[in-house]
Amino acid sequence: MKKVTNSDIIRLGQVVADIDLADAGAAAPGDREVSGVYCSDLLSDVMGGARPGEVWVTVQSHLNVVAVAALKELAAVVICGGRSVDVSILKKASEEGVVILLAKQSAFEVCGRLWELGLRHED
Amino acid sequence: MHGPSPAKLLYHFHIVGQDFTIAGEVSSKIRRILQQIGASPDTIRRISVATYEAEMNVVIHADEADVTLEADAGIIRITIADHGPGIPDVEKAKQPGFSTASEEIREMGFGAGMGLPNILRCADDVSIDTVVGEGTRITMEFLNSPEA
């Protein structure tokens with residue numbers, strides 16, 4: 001099974017292209033390294049469980065998502081299910097250096113695709 | 001500059017209750033200060049989680065709060081004293097999953113009952129003084145430990 005190793009680093013730009021995510025236009029995805037994935041809609045669960053450099057998959061699309069992603073040093077937030085984000089969120093995310101990505105697919109589909117790329121959340 | 005200053009650093013902040021548009025900003029400011037004073041990445045991560053949870057508790061439940069950040073010889077202390085409803089049963093509030101947040105707030109992904117458990121897990125020492133109908137003071141201490 002393909003898994004992430006040091007010699008097989010997955011970059012955020014590659015994730016965006018491979019699973020057809022839209023860059024919402026906050027901070028640029030660029031070549032940030034993705035360390036894994038965390039999927040949750042409970043902000044405290046993300047605060048407690050996500051690790052730096054992970055991509056956060058969620059259906060939450062309000063302003064506080066940006067604060068959580070910034071404080072946890074996450075690689076990006078993927079907002080699923082075709083939801084749109086308010087301009088105020090993009091402005092805040094730009095200021096904080098947070099990448100916001102939009103997925104038409106459900107959170108389940110997005111997580112499945114991320115798993116196929118070899119990304120994990122190892123305990 | 002050479003090495004950390006021996007002087008004790010003291011900062012004050014204010015949290016406005018019920019305003020979700022600026023919620024998390026005090027935690028962000030504290031995080032930037034900790035980066036500037038050279039706290040270890042692990043310490044900064046633990047403090048970020050704990051202060052964010054405490055800040056959100058104020059935003060969700062209280063009217064306002066005064067925040068103090070003290071950094072001194074390897075110990076970082078953050079005190080958040082709010083005017084708010086107080087906590088009737090602190091032991092219950094510490095239990096994972098217990099929350100008194102409204103349905104509306106839960107829909108935003110808050111009120112999972114993970115706030116105090118996250119704080120207790122991240123801080124090296126926590127004390128909570130609370131008076132129902134007046135407010136709550138939480139003091140969190142963190143050892144500025146180098147990366148394990």
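Colleague: Two strands pair if DSSP finds at least two bridges between them. With that settled, which residue in strand 5 of chain A does Cys39(A) stand opposite?

Modeller: That's Val57(A). Bear in mind that we're looking at a predicted model. Strand 4 of chain A and strand 5 (residues 54-58) of chain A run parallel, joined by four bridges.

Colleague: OK, and what order do the five strands of the open sheet in chain A come in?

Modeller: The order is 2-7-6-5-4, and the pairing is mixed. The edges are strand 2 (22-23) and strand 4 (36-39) of chain A, each of which pairs on one side only. Helix 5 (residues 107-116) of chain A packs on this sheet and touches strand 4, strand 5 and strand 6 (76-79). The direction of helix 5 makes about 155° with that of strand 5 of chain A.

Colleague: Zooming out, how many helices and strands does chain A have?

Modeller: Five helices and seven strands. Along the sequence, chain A reads β-α-β-β-β-α-β-α-β-α-β-α.

Colleague: And how does the radius of gyration of chain A fit with a compact globule of 123 residues?

Modeller: It agrees: a compact globule with 123 residues would be near 14 Å, and chain A has 13 Å. Along the principal axes, the C-alpha atoms of chain A fill a box of roughly 40 × 30 × 25 Å. As for burial, 44% of the 123 residues are buried. Of the contacts in chain A with a separation of 6 or more, 52% are between residues 24 or more positions apart.

Colleague: Now chain B itself. What's the strand order in its five-stranded open sheet?

Modeller: The order is 1-2-3-5-4, with antiparallel pairing. Strand 1 and strand 4 (125-131) of chain B have a single partner strand each, so one side of each has no neighbour in the sheet. On average, neighbouring strands of this sheet are turned by 10° against each other, direction ignored.

Colleague: How many bridges join strand 1 of chain B to strand 2 of chain B?

Modeller: Eight, and the two strands run antiparallel. Within that pair, Val16(B) stands opposite Glu64(B), and His14(B) is opposite Asp66(B).

Colleague: What about strand 2 and strand 3 of chain B, how many bridges there?

Modeller: Nine, again in the antiparallel sense, with strand 3 covering residues 75-83. Asp72(B) stands opposite Ile75(B). The hairpin has two residues between the strands, and Ala73(B) takes a positive phi near 35° there.

Colleague: Which residues of strand 2 of chain B are on the covered face, and which on the uncovered one?

Modeller: Ala65(B), Val67(B), Leu69(B) and Ala71(B) make up the covered face. The uncovered face has Glu64(B), Asp66(B), Thr68(B), Glu70(B) and Asp72(B).

Colleague: Helices next. Where does helix 1 of chain B lie?

Modeller: Helix 1 lies across strand 1 and strand 2 of chain B, at about 165° to strand 1. Its buried residues are Val26(B), Ser27(B), Ser28(B), Ile30(B), Arg31(B) and Leu34(B).

Colleague: What covers those buried residues?

Modeller: The cover includes helix 3 (64-71) of chain A, plus strand 1 (9-16), helix 2 (41-61) and strand 2 (64-72) of chain B. After helix 1 of chain B comes Gly38(B), with a positive phi near 80°.

How values were computed
Residues are numbered from 1 along each chain as its sequence is written. Chains are lettered from A and ligands numbered from 1 in the order in which they are written. This is a predicted model: local features need pLDDT of at least 70, side-chain atom pairs count only at pLDDT 80 or more; totals for chains, interfaces and linings use all residues. A residue is buried if 20 or more other C-beta atoms lie within 10 Å of its own, exposed if 12 or fewer, and partly exposed in between; C-beta atoms are placed from the backbone. Two residues are in contact if their C-beta atoms, placed from the backbone, lie within 7 Å. The radius of gyration is taken over C-alpha atoms; the globule rule is 2.2 Å times the number of residues to the power 0.38. Axes are lines fitted to C-alpha atoms, for helices over the stretch in contact, and angles run from 0 to 180 degrees between N-to-C directions.
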